[in-house]
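Dear colleague,

I am handing over the structure that we discussed, and below it you will find notes on what turned up in it. Please read them with the model open beside you.

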Amino acid sequence: MLTFNNSATYADDTALLTCNKSLEDASKSLQESVKEIEKWLKKWNIKVNTQKSINITFALRKGECQKIELNGMEIPQSNCVKYLGMHIDKRLTWKDHIKMKRKQLTIKTKKMQWLLGPQSALSLENRLLIYKVILKPVWTYGIQLWGTASNSNLEVLQRYQSKTLREICRAPWFVTNQVIHRDLNIPFIKEEVNKFSTGYLDRLSNHTNTLAISLLDDSFEIIRLKRHHILDLPFRR
């Protein structure tokens, strides 16, 4: 079976990726790559905290890859890993990511209750501006990826947005969420997925880097996940 190895580096965050149908072969290949990292670290006299590294197996089947060691210490295994602000679970459902974003939004909203709540003296325009500038970027980050989440997971954020907008405009109970979104000119979550994904794919198609353009080619992918594909998000309904 063929094994595909790759690495991704951004600033001081590095990820080693190994793809193989066999968990055993994938583990062996990953361990070999880690050994090469060890040599490089030793050459440049760089120390790494093994306990801050994560070993995760992305698969639909049950089972985990064999243990991976770095400098003689086992790298902890987990069902979810945080990389560049994205919480990626082993089945790519994005449930953990959306859950964490919902917690962050709750904390931020409570801190700004004196600005957004019924006692606030701010105008509707300024309260809405606070939502767009401070709260909305929290959940829209990485939407081009987690936009593939199931409808039930997207509804978690939609309920938050509807509740917050209702509080911001101080709408009575009989005014529907559709009317509030329309009057405030705020798109629903799925509409945001469409908009952000369309812009993202447009930027990729016009990118000067051929590696970025190659991300649009899904002819060699085998789609087994029962959810939307990233390239189809502009048309998600």
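Predicted model: local features only at pLDDT ≥ 70, side-chain atom pairs only at ≥ 80, totals over all residues.

Residues are numbered from 1 along each chain as its sequence is written, and side-chain values use heavy atoms, with hydrogens and water left out.

In helix H7 (residues 177-184), Ile180, His181 and Leu184 are buried (buried means under 20% relative accessible area, exposed over 50%, partly exposed in between, with a 1.4 Å probe and protein chains only). Seen down the axis of H7, these buried residues fall within an arc of 95°, so they line one face of the helix; the arc is that of the directions from the helix axis to the C-beta atoms. They pack against helix H4 (124-140) and helix H6 (151-169), where contact means heavy atoms within 4.5 Å, whereas Gln178, Arg182 and Asp183 are exposed on the other side of H7. Helices (H or I, at least four residues) and strands (E, at least two) are DSSP runs, numbered from the N terminus.

Threonine 50 lies in the loop between H1 and S3 and, at 3% relative accessibility, counts as buried. Leaving aside residues up to four places away in sequence, threonine 50 touches Leu70, Met73, Glu74, Ile75 and Pro76. Tryptophan 44 is also placed in the loop between helix H1 (23-43) and strand S3 (69-70).
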